[in-house]
Amino acid sequence: MTGTQLAHNITYWHVVEDAEERMLNKPFLSLVALLVVQSSTGFDETQSNNHVGESIEETGFYQSIRLTSEKPLFEKQSQYQKIEVHNSPHYGKILVLDGVLQLAERDADSYNEMMAHIPMFQHPDPKRVLVIGGGDGYVLSEVLKHESVERVDHVDLDSDVIDACKDHFSWGDAWQDPRVQLHLADGASFARNAEDGSYDVIIQDSSDPWTWDENGNEVELPSSVLYSDEHFSNIHRILKPDGILNIQAEMIQIPSDIEGIAGWRQNVLNKGFRSARYGSLYTSSYPTGQIGFLLCEKDPTKAAKYHSIEQLHTQMNEAGRATTYYHPRLQNSSFDLPLWAEKQIYGEDGYKGPCSPRCDIMSLA
Ligand code: SAM
């Protein structure tokens with residue numbers, strides 16, 4: 001164990017207690033961002049089948065996935081959260097944490113490939129990578145497809161999520177790669193104690209930072225520490241001068257989410273990132289069929305050139321490390337949003353930062 005790792009372990013407990021307290025103080029979670037196995041929701045289709053579904057209280061939107069059986073393939077209450085793995089006829093295996101769907105085998109490629117490959121290809125030479133959250137291991141396995149990677153620090157609170165995913169998902173061998181160092185810790189604490197300029201790319205694959213109680217009040221969840229002012233400052237500090245952060249950034253069609261996106265974007269710009277752009281992706285198993293990420297760059301002028309991204313992606317495919325959702329054109333087009341979304345995220349007059357969403361910070365030359 002190195003001195004730095006020892007320091008992480010010593011300070012970890014304090015913050016984990018914080019996170020733990022938040023997790024224990026979340027009685028409303030199951031009331032609102034509701035994901036339950038149920039046998040009846042009032043319409044015929046669900047009368048005779050078990051479903052896992054999520055209800056968005058503020059929009060009245062409800063969506064569910066049919067399960068193969070009422071009995072989960074795996075179920076455990078960990079120190080931090082209730083972990084379930086279910087089987088479903090159309091979506092394959094499904095990971096559910098505290099009643100909230102995290103991924104479904106059938107379409108998890110979209111979220112996880114975009115979370116990993118957009119920042120990894122945007123950086124000209126990503127060697128040192130930090131993955132925060134992402135206990136399912138899918139983002140980690142995509143990061144490892146990049147030959148430039150020398151070391152990945154993976155930080156997640158919950159070893160039980162990792163163990164469950166090792167057993168149940170095809171990408172579960174990612175942690176065996178010798179380039180991976182696993183840290184069971186709170187991501188905010190880990191970042192607080194990391195040295196300045198340690199990473200080329202940081203990817204934050206967290207669960208939702210908040211939910212709502214039955215009175216419509218916002219309730220913070222354990223990952224809310226990963227969206228705090230202090231944490232964004234630390235992330236900026238521990239990235240190298242050309243470093244890139246990519247964070248899970250929720251859904252544009254939920255009013256409180258898009259407000260949150262605009263706020264996080266402003267926050268990271270205030271911390272010194274010169275560009276922060278929201279990219280969108282399709283995923284039918286998440287409510288509204290869409291989710292996005294916020295790509296935050298310290299120095300967008302250092303971004304990789306488009307033709308080298310194409311070359312690297314071709315090499316990756318030829319070496320048997322193919323992608324199924326990501327392709328290089330998404331490196332630009334995923335940032336094109338509906339006009340109303342662009343106005344809400346970047347302001348009425350559009351984005352006036354050092355680089356507009358469309359100015360193409362990667363040279364197409
Ligand atoms: N892509 C998924 C989604 O948005 O639904 C998230 C996947 S991942 C399973 C979320 C992970 O974040 C979990 O493994 C959980 O243990 C981890 N997590 C939550 N709060 C954390 C924190 N403060 N520090 C580190 N990991 C955290």
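A: An oxygen atom of the ligand lies 3.4 Å from an N or O atom in the side chain of Tyr286. This is a polar contact (a pair of N or O atoms within 3.5 Å; within protein, one must be able to donate a hydrogen and the other to accept it, and residues adjacent in sequence count only if both atoms are side-chain atoms). For Gln102, the distance from a side-chain N or O atom to a ligand oxygen is 3.2 Å. For Gln81, that distance is 3.0 Å. The protein covers 98% of the 600 Å² of accessible area that the ligand has on its own. Accessible areas come from the Shrake-Rupley method with a 1.4 Å probe; for residues, only the protein chains shown count as cover.

The model is predicted: local features need pLDDT of at least 70, side-chain atom pairs count only at pLDDT 80 or more, and totals for chains, interfaces and linings use all residues. Residues are numbered from 1 along each chain as its sequence is written, and side-chain values use heavy atoms, with hydrogens and water left out.

There are 25 residues around the ligand, and Gln81, Asp156, Asp186, Gly187 and Asp205 come nearest. A residue counts as near if one of its heavy atoms lies within 4 Å of the molecule. The ligand sits in the largest cavity. A cavity is a set of points on a 1 Å grid over the protein atoms alone where a 1.4 Å probe fits but cannot get out. A molecule sits in it if more than half of its atoms lie within 2 Å of its grid points.

Now the strands. Strands are DSSP runs of E, at least two residues long, and helices are runs of H or I, at least four, all numbered from the N terminus. Two strands pair if DSSP finds at least two bridges between them.

Take β6, residues 92-97. In this strand, 5 of 6 residues are buried. Buried means under 20% relative accessible area, exposed over 50%, and partly exposed in between (1.4 Å probe, protein chains only). β6 pairs with β5 (residues 82-88) in the antiparallel sense, over 6 bridges. Within this pairing, Asn87 has Lys93 as its bridge partner in β6. A hairpin of 3 residues joins β5 to β6.

β6 also pairs with β7 (residues 100-104), again antiparallel, over 4 bridges. Here Leu95 stands opposite Leu103 in β7. The hairpin of β6 and β7 has 2 residues between the strands. Asp98 lies in that loop. Its phi is near 50°, a positive value in a residue other than glycine.

Next, β2. Strand β2 (residues 51-56) is largely enclosed by the rest of the structure, because 6 of its 6 residues are buried. His51, Gly53 and Ser55 point one way, while Val52, Glu54 and Ile56 point the other way. β2 runs antiparallel to β3 (residues 61-66), and 6 bridges join them. Ser55 stands opposite Tyr62 in β3. The two strands form a hairpin with 4 residues between them, and Gly60 in the turn has a positive phi of about 75°.

Thr288 is found between β15 (275-282) and β16 (290-297). Thr288 has a phi near 75°, positive in a residue other than glycine. Thr288 is partly exposed, with a relative accessible area of 25%. Lys127 lies in the loop between α2 (108-122) and β8 (128-133). Lys127 is partly exposed as well, at 29%. The C-alpha atoms of Lys127 and Val201 are separated by 8.2 Å, although 74 residues apart along the chain.

Terms used. On a 1 Å grid over the protein atoms alone, a cavity is a set of points where a 1.4 Å probe fits but cannot get out, and a pocket is an open set with protein on both sides within 12 Å along at least five of seven lines; lining residues have an atom within 4 Å of a point.
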